[in-house]
Amino acid sequence: MDSPLWIYCVGISAQVFYTGRVFVQWYLSEKHGRVESPALYWILSIIGSMILFFYGWLRNDFSIIFGEYLSYYIYMWNIKAKGLYAKTPKIVPIIQVLLPVVVSIALFKDIPQFAQTFLKNDDVPLRLLILGTAGQFIYKMRFVYQWLYSVKKGQSLLPLSFWVIAIVGSLLIIIYGIIRHDWVLILGQFGIIASARNIMIGLSNKIKNVQKSN
């Protein structure tokens, strides 16, 4: 189950960006007394996702790769919703769109080999793979919910339910990481603290709004 140190360093670098987004969002939410969805949160998200995708490939871990697929393009949608692509060279979003496609072609060019490496990995038995994939699915589905909610509202937002889903997914990933001996995944769930705090801020803000309306 263990990998060379340099591979873990790749994973840690991805978690640095993910942790950075947590602190940025958390700080601004505390500062303004409401749950914020800052542009920098989404920039750090897509950078971290690109690196973590590579880490999952190096670890032969389908659950990580699967999880990143679920949220990658939603990160891009939020960046677009913030108007950031209008300020960047046109080649940037093109590269970002094509990256998962290129990686997918590389992964699936030999289906039997892919199945042997990722789905029949002795280090990740099927039951463990299902657990890890379920954790990643739930954790990343919060972004699908966030996207649907934001589209309905016409702007990039981080609703209360987003953080509830995050906590459930985080707990499953932590359990998976402990069994898998993957401390990169475990450390990456530091955001569960920020998720809990955002729920508190969101509920407090809702209570204040109700009191004002009365």
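Predicted model: local features only at pLDDT ≥ 70, side-chain atom pairs only at ≥ 80, totals over all residues.
Helix α1 has 28 residues, which should span 40 Å at 1.5 Å a residue. The C-alpha atoms at its ends are 40 Å apart, in agreement with that expectation.

A number of residues in α1 are buried, among them I7, Y8, V10, G11, A14, Q15 and Y18. Further along the helix, R21, V22, Q25, W26 and S29 are buried as well. The elements that cover the buried residues of α1 include α2, α3, α6 (126–153), α7, α8 and α9. Just after α1 comes G33, which takes a positive phi of about 70°.

## The pair α2 and α3

Helix α2 covers residues 39–58 and helix α3 covers residues 62–81. How are these two helices arranged relative to each other? Their axes come within 9 Å and cross at roughly 160°. An angle over 145 degrees counts as roughly antiparallel, and α2 and α3 are therefore roughly antiparallel to each other. Their crossing is left-handed.

On the α2 side, the residues that take part in the contact include W42, I43, I46, M50, F53 and W57. On the α3 side they include I64, I65, Y69, Y72, M76 and I79. Sorted by class, the contact of α2 with α3 has 15 nonpolar, four polar and one charged residues.

## The pair α3 and α4

Helix α3 also packs against helix α4 (residues 91–108), at an angle of about 160° and with the axes 11 Å apart. These two helices are therefore roughly antiparallel to each other, and the crossing of α3 and α4 is left-handed. From α3, the contact uses I65, Y69, Y72, Y73 and M76. From α4, it uses P93, Q96, V97, L99, P100, V101, S104 and L107. By class, this contact has eleven nonpolar, two polar and no charged residues.

Another residue of α3 is S71. Is S71 buried or exposed? Its relative accessible area is 0%, and the cut-off for a buried residue is under 20%, so S71 is buried. With its neighbours within four places in sequence left aside, S71 is in contact with K140 and F143.

## Helix α9 and residue N198

Helix α9 runs over residues 191–213, a total of 23 residues. From its first C-alpha to its last it reaches 33 Å, close to the 33 Å expected at 1.5 Å a residue. The buried residues of α9 are G191, I192, A194, S195, N198, I199, I201 and G202. They pack against α1 (5–32), α7 (160–180) and α8 (183–188).

An α-helix has 3.6 residues a turn, so residues three or four places apart point the same way.

N198 lies in α9 and is buried, with a relative accessible area of 0%. Which residues does N198 contact, leaving aside its neighbours within four places in sequence? They are Q25, S29, V35, L160 and W163. Two of these residues, Q25 and S29, are also listed among the buried residues of α1.

## Residue Y176 of helix α7

Y176 is placed in helix α7. At 1% relative accessibility, this residue counts as buried. Y176 and G132 are 44 residues apart along the chain, and their C-alpha atoms are separated by 5.5 Å.

Conventions
Residues numbered from 1 in each chain as written. Heavy atoms only, no water. Helix = DSSP H or I, 4+ residues; strand = E, 2+ residues; numbered from the N terminus. Expected span 1.5 Å × (residues − 1). Buried < 20%, exposed > 50% of the residue type's maximum accessible area, 1.4 Å probe, protein only. Contact = heavy atoms within 4.5 Å. Axes fitted to C-alpha atoms, helices over the stretch in contact; angles between N-to-C directions. Parallel < 35°, antiparallel > 145°, perpendicular 65-115°, else oblique. Left-handed = near helix turned anticlockwise from the far one by under 90°. Nonpolar A, V, L, I, M, F, W, Y, C, P; charged D, E, K, R; others polar.
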